Amino acid sequence: MAYPFRSIEKKWQSFWAKNHTFSAAFPSNKPKYYVLDMFPYPSGAGLHVGHPLGYIASDVVSRYKRHKGFNVLHPQGYDSFGLPAEQYAIQTGQHPAQTTDTNIKRYREQLDQLGFSFDWDREFRTSEPDYYRWTQWIFSQLFAAWYDNTSDRAKPISTLIDHLDKWGTDQLDAHCDEDTPLLTATEWKALTSDEQQTYLLHYRMTYLAESEVNWCPQLGTVLANDEVVNGVSERGGFAVERKKMTQWIMRISCYAERLLDGLNTIDWPEPLKEMQRNWIGRSVGATVRFSVFQHDAEIEVFTTRPDTLYGVTFMTLAPEHPLVQNITTDDQRVAVQDYVSQSAKRTERDRMADVKNITGVFTGSYAIHPLSGAKVPIWIGDYVLAGYGTGAVMAVPCGDQRDYEFATHFSIPITNIFADVEIENAAHVEKGETRIANSDFLNGLTVAEATQAAVEHLEKIDRGTAKIQYRLRDAVFSRQRYWGEPIPVYFKNGIPHLISEHCLPLQLPAVEKYLPTETGSPPLGNAIDWAWDETNETVVTIDKINEKTIFPIELNTMPGWAGSSWYFNRYVDAKNNKAFADRDKLEYWGKVDLYVGGSEHATGHLLYSRFWQKVLFDLGHVPVNEFAQKLVNQGMILGESAFIFRKSGTQTYVSAGLINGIDVEPIHVDVTYVDANNVVAHHELKNWRPEFADAKFDLEDGKLIAKREVEKMSKSKYNVVNPDDICDQYGADTLRMYELFLGPIEQAKPWNTAGISGVYGFLNKFWRLFHENEQFSISDEPPSSGMLKSLHTTIEKVTHDIDQFSLNTAVSAFMICVNELTAAKCNHRAILKPLTVLLAPFAPHICEELWEKLGHTSSLSNEPYPIADPMHLKETQITYPISFNGKMRFTLDLDAEATKDEIEQAALADERTAQYLEGKTIRKMIVIPSKIVNIVCG
């Protein structure tokens, strides 16, 4: 009989919700275990079967840890600010909050039907004022902080002001803007209040500055580097260009070394750690200053190879470098301006990735070599980035491949400065025994010796200094959109001031339209109620701004990563309206013990969250400086797409078997129109999408055959499988176990609905162990040793597999066990009771139902986890191969404790032995206990 999964699953989902079964307790004497899934963004499409995999895995661990006696926190909420809801608002006029609310309700329904043990009492969404009040508060903490290099941590800005009052910038080692003026205490005190506030912006952890950004005109906003893919926006695929804008920026760069060091203290996947290391990009070298010939200007470069200084034959500036316009000669100006304009249309990522095309323009000006005094031509090239390093490079074509190709392409001289090395291509000389040549006082030195000597000489003549540099740049924090956290700042005399903490949250105002204003201001520029009354500390209408105490409020909003950079702290105290989280609760829950999510967030969310956590730690707001101890990246569940083929330039679609020799283009078609034999219901396509209304079909044997291809599951590829359909047909427990059974959690694997019937059959077989003739039937008789062995072998295997996060092999172990128990006709309580607890983390609904049938009145969620008994893991019998003259003839099952003599006697007594001897004489018997018996005869 098939078990009634529909009624069972609804029953227990209702029970868990009504009884708050999975609410985490505080205080508690139990050890804690904090499991977290990466914040989902609630899209309008809802979940497909690829989405729940990480949630299923984390839920298995959460339920397992409860059984093991832990106080488990497994919360869930929504990262609900974002561009999709805003784009929909622009198209329809519907407020993003309405769209978001509808989407969240749909997500919640889908999550509930999968039986996750989330603590829904802690649910929140980042777009709720009660939540983003504290996101704004964290912004305020950053604005009111600076980084003290001496103590290597962030401190309140008040401590910096105290230092300036006493000593000015003397004895001050702070992370600040490079152009920050030095002041005496007297000069500091002589500044007006506005001047002091402007000066402090050089130090604040979040500050305003003009910056090169990724501007997306269609989206009307700035995008972070990780939001741009192949030159277009990740969402929507819109063109992105480089543009200078005044932006809020977060000083993440001062944490570069600590972010690197912290990777050694956390259990995260090594490939992801390496991605962060490369993104942070630590380099050891020196800065070198080149004077510009006939200009009162210098070009500073950073190099990791100061030993190659005498190999410099040209310099390259980023097209956006501030000196470009000043030093370009008149005869080169048009060419330079054209090149700058073209470069602005390409993203930094595109420019870095393009190694095939060599482009650049000579500025007409020269730099003076700091050691030789030679004139060095200054070029611009888009392979140099304004935001990385100084935006300028000293080009050494004999030692760098890209410089070599640039010099060769533009016929720039190449000087070889490596002894005994032929320069046929760029010489990639490592710091070994290679000697330096053609380099004046560096001649004859090894690379390492020349590096040290060059730096010492540069420092002596004041033309450079040793330096450690990082690729990591400060993070642009502004977004020119409506649907995001308002930045709690107003402008008084053009200077940013924080809105008082007790006035937060600064809530999003109503606007008539969600597009930028006619003057190009962000959408909040459309708001009427968006000015700050400083005296009464309240929002008023913008027409009052000319009054003395009424000031404009910041029009930009925070980026999508703001709310997700601290949410793990809010979950420990989600309803606190007096603090972002209670200190005692933060101390108890500490780090997230298991964090599950995708590796695509390596240089976005996962890096920004670590940054914010370290700032909050420095300022004394959190007890740990890393937020998650262990991270698991789940792989994708891939979809099986279907393609049909359209004749180029026509509306005729050709069956897959007829396309050879025809110019066709593959077109995705919804997999619901394609059967298991790849036959397309082509008549139904005409009503599917408008482009098929007038379609013609070239069929083979009356059929339109499609081709299949495994690729990312996506609505745009029409290969999405809805979990609702699977749950309706097979049940949530089947879906949960099947997704885990597909393969290792970290690997990508294709979805195949046809394979799900095996897991469904397993659960039905498990149900039948408890039933006879469709009636619940359980025996209290002692089980056999074989049954006990099956159970305890499975307990040992599954426990090990969960601890190792090898959940697919755990599912296999359950299948083997149930097959063995079925063959043994086991219905023994002593076996099935612990097996039910063991299986519950994977298939909670069916196990709760059977637990109740076993006579229990409460949920099994906190029942003690079964422990494998070593006594039952021992082999009771051993199967011996019985060989004659080395050839195995039959097998014999003997007691595992049998002695050598007993094994020999049993083998000789077997009637088959006499058959194979056939009157031959036994010359020797070889018996190896637990392994073999070989009878030598002749």
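Mentor: Helices here are DSSP runs (H or I, at least four residues), as are strands (E, at least two), numbered from the N terminus. The model is predicted, with local features needing pLDDT of at least 70 and side-chain atom pairs 80 or more, while totals for chains, interfaces and linings use all residues. Residues count from 1 along each chain as its sequence is written, and side-chain values use heavy atoms, without hydrogens and water.

Trainee: At what angle do helix H22 and helix H24 pack, and how far apart are their axes?

Mentor: Two packed helices are described by the angle between their axes and the distance between the axes. H22 (residues 756–768) and H24 (residues 807–823) pack at about 45°, with axes 10 Å apart. That makes H22 oblique to H24 (under 35 degrees is roughly parallel, over 145 roughly antiparallel, 65 to 115 roughly perpendicular, the rest oblique). Contact (heavy atoms within 4.5 Å) involves Val759, Phe762, Lys765 and Phe766 of H22 and, among others on H24, Phe814 and Met815.

Trainee: Is Asn556 buried or exposed?

Mentor: Buried means under 20% relative accessible area, exposed over 50%, partly exposed in between (1.4 Å probe, protein chains only). At 9%, Asn556 counts as buried. This residue sits in the loop between strand S23 (550–552) and helix H16 (567–570). Leaving aside neighbours within four places in sequence, its contacts include Ser478, Ile487 and Pro522.

Notes. Axes fitted to C-alpha atoms, helices over the stretch in contact; angles between N-to-C directions.
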